[in-house]
Amino acid sequence: MSTSRVEVTTQHASRYLQQLAKHWAHKFETEFTPLSSKIALPLGDAQLSANDTSLIIEVVAHKSEDLSVLQDVVQRHIERFAFKESLAFEWRPLA
């Protein structure tokens, strides 16, 4: 398993977290509140947390070769929900 994390600066973190969880809830096992979510995707898990200034995303890929794909899938969906603002994603691997 491989893990990475990103902290995205936005004042709309809770909104994006909930949109992503609701979007995937009909296809994947999903748990969420306005401040945290866990989504079980085919390639791995995504955990999100929101505060007043940022959205923190941690992804855990089942296979290390799938980590970049999992990051990309989550990032593209968040960017779609955040079309009114430009978000910066700098994924960092976790040991």
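User: How many bridges join β2 to β3, and what makes them a pair?

Analyst: This is a predicted model, in which local features need pLDDT of at least 70 and side-chain atom pairs count only at pLDDT 80 or more, while totals for chains, interfaces and linings use all residues. Residues are numbered from 1 along each chain as its sequence is written, and side-chain values use heavy atoms, with hydrogens and water left out. Four bridges join β2 to β3, and the two run antiparallel. Two strands pair if DSSP finds at least two bridges between them, so β2 and β3, with four bridges, qualify. Strands here are DSSP runs of E with at least two residues, helices are runs of H or I with at least four, and both are numbered from the N terminus. One of the bridges sets Glu31 against Lys38 in β3. The two strands form a hairpin, with three residues between them.

User: Which strands does β1 pair with, and how do you know?

Analyst: Eight bridges connect β1 (residues 2-9) with β5 (residues 54-61), and three connect β1 with β6; both pairings are antiparallel. Arg5 shows both: its bridge partner in β5 is Glu58, and Arg92 stands opposite Arg5 in β6. Thr9 stands opposite Ser54 in β5.

User: What is the order of the strands in the sheet, and why are β2 and β6 called edge strands?

Analyst: Six strands form an open, antiparallel sheet in the order β2-β3-β4-β5-β1-β6. β2 (29-32) and β6 (92-94) each have a single partner strand, so one side of each lacks a neighbour in the sheet. Neighbouring strands are turned by 20° against each other on average, with direction ignored. Such angles are taken between lines fitted to C-alpha atoms (for helices, over the stretch in contact), and they run from 0 to 180 degrees between N-to-C directions.

User: What makes you say that α1 packs on this sheet, and which strands does α1 touch?

Analyst: The criterion is contact, meaning heavy atoms within 4.5 Å. Helix α1 (residues 13-25) touches β2, β3 (36-41), β4 (44-50) and β5, and its direction makes about 30° with that of β3.

User: How do you know that the length of α1 agrees with expectation?

Analyst: The expected span is 1.5 Å times one less than the number of residues. For the 13 residues of α1 that gives 18 Å, and the end C-alpha atoms are 18 Å apart, which agrees. Helix α2 has 15 residues and reaches 22 Å, close to the 21 Å expected.

User: Why are the buried residues of α2 said to lie on the same side?

Analyst: The buried residues of α2 are Leu67, Leu70, Gln71, Val74, Gln75, His77 and Ile78. They cover an arc of only 160° around the axis, which puts them on the same side of α2; the arc is that of the directions from the helix axis to the C-beta atoms. Helix α2 (residues 67-81) lies across β1, β3, β4 and β5, at about 150° to β5.

User: Why is the pair of Trp24 and Phe28 called edge-to-face?

Analyst: Rings of Phe, Tyr and Trp (its six-membered ring) pair if their centres lie within 6.5 Å; planes under 30 degrees apart count as stacked, over 60 as edge-to-face and the rest as tilted. The centres of the Trp24 and Phe28 rings are 6.1 Å apart and the planes stand at 75°, so the pair is edge-to-face. Trp24 is buried at 5%, whereas Phe28, at 21%, counts as partly exposed.

User: What makes the pair of Phe89 and Trp91 stacked?

Analyst: The planes of Phe89 and Trp91 are at 25° and the ring centres 6.5 Å apart, so the pair is stacked. Both residues are buried.

User: Why does Leu41 count as buried, and what does Leu41 touch?

Analyst: Leu41, in strand β3, has 9% relative accessibility and therefore counts as buried. Beyond four places in sequence, Leu41 touches Trp24, Phe28, Ala46, His62, Leu70 and Val74. Leu41 and Phe28 are 13 residues apart in sequence, with C-alpha atoms 6.2 Å apart in space.

Key: Buried means under 20% relative accessible area, exposed over 50%, partly exposed in between (1.4 Å probe, protein chains only).
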